[in-house]
Structure formats: C-alpha cells, structure tokens
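Student: I have a structure open and would like to learn how to read it feature by feature. Could you take me through it?

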Amino acid sequence: MGVGAGRGTVNLPPAGAALRLRGRWFGADRPVVMAVVNRTPDSFYAAARYDDASADGAVARAVDDGADIVDLGGVRAGRGPRVDAAEEIARVVPLVRRVRARHPDLVVSIDTWRAQVARAAADEGADLVNDTWAGHDPALMEVAAERGLGIVCTHTGGARPRTDPFRVEYPPGDGDPLDGVLDDVVRTVSAAAARAVGLGIDPASVLVDPTHDFGKNTWHSLHLVRRTEALVALGFPVLMALSRKDFVGESLDLPAEERLEGTLAATTLAAWLGARVFRAHDVRATRRTLDMVATLRGDRPPARAVRGLA
C-alpha cells in the first residue's frame, strides 16, 4: 500500500499547493521545515541567538535534523537597538556565502525587509526572501524577481518594522467577528502574491504567510491557525511561523523556553489543514510532527509497516 492508501472516502482538507525552490519540488509527501538561525544577540528566544562563530554549527545541526530551508536573519523582529543595513549585511551575508558553499542542496532564505540586504544575499546564493514586514520596502520584491528568488508574502496590518502591536483592531467579519483579521490577511497576501507573479516570480515559489503576532493580538493569531484552510484556498504554498510565539505563550501562560508543546499542537492543526512550510526553532521535533501528520493524512507512507504483516 503506497501514498494515499487507506484514505477511502475520508473527507480530508486539501493538501495545499506544492512548493518549488532551487529547482526542487516539495509535494504533500514532504512537509517543509524552515529552520530559524538568527545572527542576532537579542532574539526573543535565547537559545536561537547565534554569533558568527556558532551560526555555522546551528545550520549544520538543522540540516542533520531534517531542515529543508534555513532562514537566516540579522535583525530582531521586535524592538531593540538600531541595526542599520550595513550591520545587517555584515551579520548575514558572509553566513549566506558559507552556507551555500557547505550545503549546496539546501534552500537558503534571507529574513529581511530591506532590498539592499536581499540583493547582497542573492549575490552569495540565497534562494528565498522572507519579507516579514509585508512590503515595507517595495523594491524588495523587485530584487527577488530580478534575481530569480522566491518570496514570502506576509501581513502586518500596516505595522512598521520592529514595532510591537498595541490595541490592534480589525473590522468584524460577516460571520465570526474574528474573520475580520482573516479578511485583511487574505486581501493583503493575495495582492502581494499577485504582484509577485506579475513581476515574473514562479507562482510555486510565492509563499503566503498570515504572520502570527505581527500586527495581531493573541485572539487574532489563534483564529488564523483555525482558519488555515482559507489561506490554503488561495492556491499558493502557505508558510506558518508559529514557533514559540507569544500567542502560544499567552495561551498557556508560559515563557518562550517552555512553548515547544504548544507550538507543535498548533503546527499539527495547521499541517492537517494544508499549510506547507513551517518556520521552526526546534527542527527535529517539527520534522517528526509534520511527517506524522502527513502520514495520518495519507500523503506520506509509513517509513516501515511490518506489524501484522511479518
């Protein structure tokens, strides 16, 4: 019995669009893990803070643990000391160069909102631009198109880079009042994805991300996990950046260091509903969780199945 065997007439949520990066297709049988490697001294999760000496080892461990993509960032997302473009380039671009040389098949993502940083990273072999600030620099997507890179289209509700949400509100939806944030997310990422395709970026390399916690409160982020199918229905690969975020911490009243189980619970639900890519600090646990969900869905066969047969 192969992939899909045993599904019968079970009404499963759609598997979601396949992803293509670096000439490689990632289908439903291979959920994608995007490992977080931050070249920053002040990331919200202390275990993910790497200096220049330790970042290479972090990438190697991520690859060994099953990462398909490594997402390299040089600036903390939240408030903190100012980091100008020159410093961001100094932090991440040499790392991109080393990763490309040491891991030729690995997809390399650059987490930046600045076009000049993306351009410098592209020169050293980056494959994907993770624009977590929703087109704040409109030239960023143009760089991705010019250099043949993929792009992540995100949503911040209009928030500017490195600002925290404060009394965030969205107009109520027609059904569930919380669908207001979903409607705004769908409009924003749909428009960004259409622009990307219009610039010539391969639709299979255009990811959409509801961007939990950015420009959102905890109720908003929880609702966006529940409504993953609405993002999947847009027809682009859906990225979920759930790892150890505040909405998990507030749901369980736990600090970042104790949010793994909550993260994996949210990951399981989003994967079942068709999300394709998961940005994660805990690569091995996420890899195993996603593979199990894919197997439960019937998208991936068991690694071995001998019980009762031999």
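Student: Which residues is D184 in contact with, leaving aside its neighbours within four places in sequence?

Tutor: This is a predicted model, and in it D184 is in contact with H155, G157 and Y170 once the neighbours within four places in sequence are set aside. D184 itself lies in helix α5, which covers residues 179-198, and its side chain is joined to that of R187 by a polar contact of 3.3 Å.

Student: In what order do the eight strands of the open sheet stand, and is the pairing parallel or antiparallel?

Tutor: In general, the strands of a sheet pair through backbone hydrogen bonds, and they do so either parallel or antiparallel. Here the pairing is parallel, and the eight strands of the open sheet follow the order β8-β7-β6-β5-β4-β3-β10-β9. The strands at the edges are β8 (206-208) and β9 (239-240), and because each has a single partner strand, one side of each is left without a neighbour in the sheet.

Student: How is β5 joined to β6?

Tutor: Three bridges join β5 (residues 107-111) to β6 (residues 128-130), and the two strands run parallel. Within this pairing, I110 has V129 as its bridge partner in β6. β5, helix α3 (residues 115-123) and β6 make up a right-handed β-α-β unit.

Student: Which strands does helix α2 lie across?

Tutor: Helix α2, residues 85-102, lies across β3 (32-38), β4 (69-73) and β5, and its direction is at about 175 degrees to that of β5.

Student: Which way do the residues of β5 point, and are they buried or exposed?

Tutor: In a regular strand the side chains alternate between the two faces of the sheet. In β5, V107, S109 and D111 point one way while V108 and I110 point the other way, and all are buried. For β4, the residues I69, D71 and G73 on one side and V70 and L72 on the other are all buried, which leaves both faces covered. Since five of the five residues of β4 are buried, that strand is largely enclosed by the rest of the structure.

Student: How many salt bridges does the structure hold, and which residue of the E124 and R97 pair lies in a helix?

Tutor: The structure holds 25 salt bridges. In the one between E124 and R97, the side chains meet at 3.2 Å, N to O; E124 sits in the loop between α3 and β6 and R97 in helix α2, so that the pair links distant parts of the chain, 27 residues apart. E124 is partly exposed, with a relative accessible area of 24%, and R97 also counts as partly exposed, at 41%.

A second example is R244 with D282, where the closest N and O atoms are 2.9 Å apart. R244 lies in the loop between β9 and α8, and D282 in the loop between β10 (277-280) and α10 (283-297), 38 residues apart. R244 is buried at 4% relative accessible area, and D282 counts as buried at 17%, the cut-off for buried being under 20%.

Student: Which residues are linked in a network of salt bridges?

Tutor: R24, R30, D68, R287 and D291 are linked in such a network.

Student: Where is E257 found, and which residues does E257 touch?

Tutor: E257 is found in the loop between α8 (246-252) and α9 (260-272), and, not counting residues up to four places away in sequence, E257 touches Y45, A46 and R244. At 48% relative accessibility, E257 counts as partly exposed.

Technical notes:
Residues are numbered from 1 along each chain as its sequence is written. This is a predicted model: local features need pLDDT of at least 70, side-chain atom pairs count only at pLDDT 80 or more; totals for chains, interfaces and linings use all residues. Side-chain values use heavy atoms; hydrogens and water are left out. Two strands pair if DSSP finds at least two bridges between them. Helices (H or I, at least four residues) and strands (E, at least two) are DSSP runs, numbered from the N terminus. Contact means heavy atoms within 4.5 Å. Axes are lines fitted to C-alpha atoms, for helices over the stretch in contact, and angles run from 0 to 180 degrees between N-to-C directions. A polar contact is a pair of N or O atoms within 3.5 Å; within protein, one must be able to donate a hydrogen and the other to accept it, and residues adjacent in sequence count only if both atoms are side-chain atoms. Buried means under 20% relative accessible area, exposed over 50%, partly exposed in between (1.4 Å probe, protein chains only). A crossover is right-handed if, with the strands pointing away from the viewer, the path from the first strand over the helix to the second runs clockwise. A salt bridge is a side-chain nitrogen of Lys or Arg within 4 Å of a carboxyl oxygen of Asp or Glu.
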